[in-house]
Amino acid sequence: MSKLFCEVYIKDIMPAIRALIAKDLVTRHGISQWSAAKALNITQASINYYLTGQRGFKMISRLSRSEEIIRMIREASDSIIRGDFDYLFFCRICTYIRSNNEVLK
């Protein structure tokens with residue numbers, strides 16, 4: 001039995017998206033790992049694992065190949081910095097990934 005896309009999204013894709021946002025927050029915006037973790041409601045240790053490639057590397061590299069995903073990630077991190085991040089972002093990026101089969105190949 002194959003998994004539902006929602007199961008794959010929650011287990012594999014969403015953590016990779018959080019990792020990409022965290023990386024953008026730390027590298028482009030210069031905030032601390034702790035602040036990025038607080039903004040994304042994950043632990044600082046998770047941020048460190050993402051940034052050092054110890055967790056989620058395969059999915060992160062797949063998503064990173066999409067210019068549109070990277071644009072959306074930057075938009076999300078910019079909105080976190082401004083203080084107006086909308087958690088529906090995760091639904092919008094899920095919809096984009098589902099409609100674009102090339103993203104996960």
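I began with Cys94, which counts as buried at 13% relative accessibility; here buried means under 20% relative accessible area, exposed over 50% and partly exposed in between, with a 1.4 Å probe and protein chains only. I note that this is a predicted model, in which local features need pLDDT of at least 70 and side-chain atom pairs count only at pLDDT 80 or more, while totals for chains, interfaces and linings use all residues. Residues are numbered from 1 along each chain as its sequence is written, and side-chain values use heavy atoms, with hydrogens and water left out.

**Cysteines**

How many disulfides are there? I took a disulfide to be a pair of cysteine sulfur atoms within 2.5 Å, and by this rule the count comes to zero. Cys91 is in no disulfide, since the nearest cysteine sulfur, that of Cys94, is 7.1 Å away. Cys91 itself counts as partly exposed, at 46% relative accessibility. For Cys94 the closest cysteine sulfur is that of Cys6, at 6.0 Å, which is too far for a bond.

**Helix H1**

I then turned to helix H1, residues 5–27, where helices (H or I, at least four residues) and strands (E, at least two) are DSSP runs numbered from the N terminus. The expected span of a helix is 1.5 Å times one less than its number of residues, so the 23 residues of H1 should span 33 Å, and the 30 Å between its end C-alpha atoms agrees with this. I also found a bend in H1 of about 40° at Ile13, with a proline, Pro15, following within four residues; the bend at a residue is the angle between axes fitted to the seven residues ending there and the seven starting there.

Which residues of H1 are buried? I listed several, including Tyr9, Ile13, Met14, Ile17, Ile21 and Asp24. The buried residues of H1 pack against helix H2 (33–40), helix H3 (44–51), helix H4 (57–64), helix H5 (67–82) and helix H6 (89–99). Ile10, also in H1, is exposed, with a relative accessible area of 55%. From Ile10 to Ile21 I read eleven residues in sequence and 16 Å in space, C-alpha to C-alpha.

**Asp24**

Asp24 lies in H1 and is buried, its relative accessible area being 9%. The side chain of Asp24 is joined to that of Ser77 by a polar contact of 2.2 Å. A polar contact is a pair of N or O atoms within 3.5 Å; within protein, one must be able to donate a hydrogen and the other to accept it, and residues adjacent in sequence count only if both atoms are side-chain atoms. Leaving aside neighbours within four places in sequence, Asp24 is in contact (heavy atoms within 4.5 Å) with His29, Ile73, Arg74 and Ser77.

**The core**

Of its 31 residues, Ile17, Ile21, Leu63, Phe89 and Ile93 touch the most other members. H1, H2, H3, H4, H5 and H6 are the elements that give two or more residues to this core, and H1 gives the most, with ten.

I followed two of these residues further. Phe89, in H6, is buried with a relative accessible area of 3%, and beyond its neighbours within four places in sequence it is in contact with Ile17, Ile21, Met72, Ile73 and Ala76. Leu63, not counting residues up to four places away in sequence, touches Ile13, Ala16, Ile17, Leu20, Ile69, Ile97, Val103 and Leu104.

As background, most residues other than glycine have a negative phi.

Trp34 has its place in helix H2 and is exposed, with a relative accessible area of 55%. The C-alpha atoms of Trp34 and Ile47 are separated by 8.1 Å, while the two residues are 13 apart along the chain.

Terms used:
A nonpolar core is a set of buried Ala, Val, Leu, Ile, Met, Phe, Trp, Tyr and Cys residues joined through side-chain atoms within 4.5 Å.
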